[in-house]
Amino acid sequence: MKSLVCGIDLGTTNSVIAFLKDGYPRAIPVEEGSAILPSVVSFDPGNGSHWVGQRARNRRAAFPEDTVASVKRLMGKETLATAGQKSFRPEEISSYILKHLADRASEYLGEPIEKVVITVPAYFDDAQRRATIQAGELAGLDVVRIVNEPTAAALVYDHVRAETEVESPYVLVYDLGGGTFDVSVIEIKGEIKEVLASSGDTALGGDDFDERLKDYLLEELRRQAGREDLSEEVSLKVRLLDIAEKAKIALSDRPYVEIHEVAVAILDGKPLNLDLELSREQFEALTADMVERTMGIVEEVLREAHLDAAEIGKLILVGGATRMPAVHEALSELFDQTVAHSVDPDLCVALGAAIQGGLITGDSVGQILLDVTAHSLGIKTVDELNPETGDADHFSTIIRRNTRIPVSRAEVYRTLADNQRGVQVEVFQGESPWCSENAPVGDFFFPLEPAPAHCPVVVEFAYDREGLVRVCIDQKGCANRKEVTLDTRQRKVAQEADEPGAVETPVNYMSEKARRLAGDPRLSESVRREIQRVAASYEEAIRAGEGEDRMDELEDVLLEVMEQAEEELESGE
Amino acid sequence: MKLGDFKWFRRKRDEEAAESRRLILEETQSLKKLLRKQSILIEEVRREQEAAAAKERTNVEPLLDLCDSVFHLQRAFRSPGLMSRQHAQVVSMVSKRLDLFASYAGVEMILEEGVPFDPRIHEAVSNRSPDSPALEIFEVIQPGYLRDGKVLRPAKVVVGAATDPNPSPKGSIAP
């Protein structure tokens with residue numbers, strides 16, 4: 001039997017293990033159903049046992065002397081990591097993490113894991129790479145290859161069904177993790193990927209954004225309480241950090257977040273509540289310097305690679321903190337192109353390592369089909385007039401193309417006139433900046449409550465796998481809200497009040513799949529129509545209770561057209 | 001054997017071989033079809049499972065937020081004298097109802113104090129007795145949650161030395 005080669009992203013903050021199954025990379029759940037393992041090891045000096053991952057991280061504040069985190073920073077150095085009375089070489093600590101990952105993966109897959117590919121930052125020198133190999137060996141693993149992290153990320157996107165063909169061989173990988181930032185420029189020459197330049201900041205990551213927001217919330221609390229002396233004791237700090245992290249995540253999807261937190265502190269025996277609304281704009285203003293810092297490093301790397309921003313063919317995002325829209329915007333502005341972010345940024349590097357493992361064993365790697373939006377979705381606004389027609393025709397994007405679905409995104413718009421009676425919400429899909437060049441999805445009227453001009457109106461799109469967009473429109477501060485569901489495939493509006501069941505439900509899993517393919521906008525119109533036609537006959541025959549021979553015949557035809565459709569999707573034609 | 005017999009045998013053999021080939025082809029095609037249907041079924045089941053799991057995840061978050069709020073409300077008024085007995089009773093009753101509601105969703109709160117520190121369900125944020133090897137939960141700052149035995153969030157806790165070998169809870173915050 002051919003042995004499996006797993007891919008491991010041995011990160012500073014977190015680590016992930018993945019494998020290739022039927023040509024597709026999959027991350028393996030290693031702890032409480034999660035694929036993300038904190039890179040922390042904690043020892044019990046009493047009996048010599050140790051914990052790895054979340055449990056070790058949970059012990060960190062209780063037993064700081066016995067717990068080691070961020071050991072990756074020490075790899076390849078002479079410095080020892082101390083835990084209790086014992087000292088460990090950094091590779092020894094890393095070996096515990098690797099062994100834990102391999103053991104969990106082995107339990108999950110039901111076969112021993114012996115061979116692995118491990119990723120390292122592009123800037124790792126020989127000593128650091130050797131230390132990583134040693135860590136693998138100490139864990140009883142055969143490290144068949146060390147791969148640069150940005151190279152692994154690029155490898156994943158090599159196998160993601162290409163949205164557009166890119167001619168430039170240069171790829172920029174922007175990796176903003178929990179505690180570190182790395183950026184690399186890669187040149188792709190066929191199968192070979194060469195890192196041309198790499199840089200970063202080992203003291204900048206998503207946690208710093210949380211910390212900045214936490215400081216703002218503390219100031220706000222002091223202001224609300226009128227007490228500048230409100231001290232940041234442990235419980236308050238923990239609570240505010242939690243609130244800050246949740247708010248940061250929420251602001252990645254919507255323009256405002258309401259914070260209603262009871263009793264974040266007790267002052268003179270009375271609870272102090274945090275009750276405020278925070279806008280994405282405020283959050284971005286608070287953290288703008290950090291995004292700018294990363295962009296400075298991006299420019300530095302471009303200079304080092306002797307490239308202009310315009311020469312970069314593809315931008316790839318890695319690391320959970322890259323979910324922040326400010327990062328997308330800053331990069332899109334500098335490079336004047338959209339960014340590749342459809343693969344989970346927390347898992348991307350490990351998935352790439354798994355693909356590398358598969359390539360080593362001679363496995364074929366399939367085209368990774370992701371559930372992503374095939375087109376951008378947005379509404380018509382009057383921000384710009386079409387120079388040709390002179391009409392208000394601006395397409396304001398709410399959900400960008402190639403965003404993973406299901407997804408929910410909201411944007412804020414403002415009214416034009418005092419006491420404006422309402423707005424006509426016109427939804428389009430497409431990539432043109434002009435609505436007239438995009439496909440209409442549907443439209444409806446939203447009556448407004450009397451309010452002065454520039455009154456904010458939040459438009460939220462929730463897009464699911466079935467191609468339905470739930471549009472929720474909210475006139476802020478007026479308790480005026482409306483929800484409408486639009487079908488991007490059939491271009492029809494179904495109000496919430498509409499009678500359900502107008503379209504009959506699929507008869508079985510075959511018709512379910514056929515309907516999904518028929519609604520896939522990546523397929524040609526003729527293929528979609530053909531599936532629709534065959535599926536309709538098949539469903540009708542089942543409902544009518546047709547004989548076995550007739551059903552067999554229809555089933556064959558349906559399977560054939562679905563196979564053709566899948567081939568079309570895989571070939572990307 | 002006559003030449004005629006030989007030809008007859010050969011024709012018979014060829015006919016049987018052709019029939020076997022036809023049967024094999026038919027069986028292969030039917031097997032292929034079954035495999036194809038099986039893979040579609042597996043794919044659909046996986047999609048349904050993922051959708052159900054995603055639905056469960058999204059549904060439980062607001063519940064946890066509400067549990068958090070009630071926990072902090074109760075914690076704010078735990079000092080003696082801050083609430084009348086009746087007010088404290090109201091908060092406690094609401095908390096009990098919420099706990100019951102959470103249990104319907106398979107959610108269990110982690111908020112017991114005075115129990116030994118367990119790194120699986122507790123995340124220490126501070127240690128009041130750094131030199132002590134045996135620690136217990138001194139204070140729960142943020143409740144944790146289990147769902148069907150799986151840790152959704154560990155409770156954030158302040159730990160301290162376990163003074164009593166058989167510690168009793170210092171007062172339960174929630175029911």
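The questions below take up confidence and then the interface.

Visitor: What is the mean pLDDT of chain A?
Guide: This is a predicted model, and confidence is given residue by residue. In chain A, 94% of the residues reach 70 or more. The mean pLDDT of chain A is 88.

Visitor: Which element of chain A has the lowest mean pLDDT?
Guide: At the other end of the range, strand S1 (residues 5-10) of chain A has the highest mean, 97. Over residues 492-502 of chain A pLDDT stays under 50, and the model has 19 contacts beyond four places in sequence for that stretch. The lowest mean pLDDT, 45, belongs to strand S26 (residues 492-495) of chain A.

Visitor: How much area do chain A and chain B bury between them?
Guide: The contact takes 35 residues from chain A and 39 residues from chain B. A:Glu32, A:Asn58 and A:Tyr509 supply 19% of the area that chain A buries there, more than any other three residues. Carbon and sulfur atoms carry 55% of the total, which is about 3300 Å².

Visitor: How many salt bridges does the rule find across the interface of chain A and chain B?
Guide: One example joins the side chains of A:Glu555 and B:Lys37, at 2.9 Å from N to O. By class, the side of chain A that touches chain B has 14 nonpolar, five polar and 16 charged residues. Across the interface, the number of salt bridges found is 10.

Visitor: Which element gives the largest share of the side of chain A that touches chain B?
Guide: Elements giving two or more residues include helix H1 (54-59), helix H6 (234-251) and helix H12 (548-571) of chain A. The largest share, seven residues, comes from H12(A).

Technical notes:
Residues numbered from 1 in each chain as written. Chains lettered and ligands numbered in written order. Predicted model: local features only at pLDDT ≥ 70, side-chain atom pairs only at ≥ 80, totals over all residues. Heavy atoms only, no water. pLDDT = per-residue confidence, 0-100. Helix = DSSP H or I, 4+ residues; strand = E, 2+ residues; numbered from the N terminus. Contact = heavy atoms within 4.5 Å. Buried area = accessible area lost by both parts, 1.4 Å probe. Salt bridge = Lys/Arg side-chain N within 4 Å of Asp/Glu carboxyl O. Nonpolar A, V, L, I, M, F, W, Y, C, P; charged D, E, K, R; others polar.
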